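Reader: I am new to this structure and would like to learn how its features are read, one at a time. Could you take me through it?

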Amino acid sequence: PFGGWKRSVVGPTTKAGGPNYLIPLVDWRPTPAVEGRTPTHPDVQVLLDAAHATAAVPPSDPEGPTAVTADELASLDRAVASDEFAWQTEFGVARDVQQLVAERDILRYLPMPGGVIRLAESGRVSDLVRVIAAALRSGATPDVSSAVELSAALRAALTTVGLRVTVATDEAFRAAGRALPATRIRWIAADRATAAAGVRAFAEATDGRPDLAIVAHPVTEAGRVEMLPFLREQAVAITAHRFGTPDRLSNTLI
């Protein structure tokens, strides 16, 4: 895998030659996750507890329209289990695939600093919660921008896990886009057509800035897909010999 972290980190971005290179280059559609493990991250559990509390809100309650339904809650439970599976089998593991004797070439994942999760006016709160769960499991702390007011339970949970939440219309978010630092934006909308229109309008409002990478595919339950925007791939090469004599001094470094 090849690629740096400075100005070359423009786009989704995954390293050429790495195991994730094709993922941002194809399209994705939601389907129920089939692989999962019991979630272990404490921040994810805080978010899950808030979602369960929100699901119990009756429709007549003022917060009812933004509540998570029982079906959406079942999807969220599968999603966080998929995130845990992806973390334990891929993203939380440092791998030396080449297994060379004289050199260690390790691929590992670290949380992406910054980042924005944007729920557009047409988006569903349950999709926002699902994407936040993926970000938390990856160890990232992105800003959350929502076009709708969130329930008290969800707001409290996001404050507890250290995420900053703002409420802004799509027009206001577009206006603020010019001031954003170089970052990735996970864009959440009702469907592909709405997402495409929203992203196009945002790109026009920000003069098509190449350092604002927007990920706008439909939200899925797959941790292997949803965690990637919040991770950086790092390829580490370590010389594992001294004057031609192999050594094992670097075996415990990573």
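Predicted model: local features only at pLDDT ≥ 70, side-chain atom pairs only at ≥ 80, totals over all residues.

Reader: Which strands does helix H3 lie across, and at what angle does helix H3 run to S2?

Author: Helix H3, residues 125-138, lies across S2, S5 and strand S3 (143-146), running at about 170° to S2.

Reader: In what order do the strands of the open sheet come?

Author: The sheet has five strands in the order S4-S3-S2-S5-S6, and their pairing is parallel. Its edge strands, each pairing on one side only, are S4 (165-167) and S6 (212-215). From one strand to the next, the twist averages 20°.

Reader: How many bridges join strand S2 and strand S5?

Author: Strand S2, residues 116-119, pairs with strand S5, residues 183-188, over four bridges in the parallel sense.

Reader: Turning to the surface, which residues form the nonpolar patch?

Author: The patch consists of Tyr-21, Leu-22, Leu-25 and Val-26, which together have about 420 Å² of accessible area. Tyr-21 is placed in the segment before helix H1 (42-55).

Reader: Why does Tyr-21 count as partly exposed?

Author: Partly exposed covers the range between buried, under 20% relative accessible area, and exposed, over 50%. Tyr-21 counts as partly exposed because its relative accessibility is 39%.

Notes: Residues numbered from 1 in each chain as written. Heavy atoms only, no water. Pairing = 2+ DSSP bridges. Helix = DSSP H or I, 4+ residues; strand = E, 2+ residues; numbered from the N terminus. Axes fitted to C-alpha atoms, helices over the stretch in contact; angles between N-to-C directions. Contact = heavy atoms within 4.5 Å. Patch = residues over 30% accessible without salt bridge, like charges linked within 9 Å, V, L, I, M, F, W, Y side chains within 5 Å. Areas by Shrake-Rupley, 256 points an atom, 1.4 Å probe, with all protein chains shown as cover. Salt bridge = Lys/Arg side-chain N within 4 Å of Asp/Glu carboxyl O. Buried < 20%, exposed > 50% of the residue type's maximum accessible area, 1.4 Å probe, protein only.
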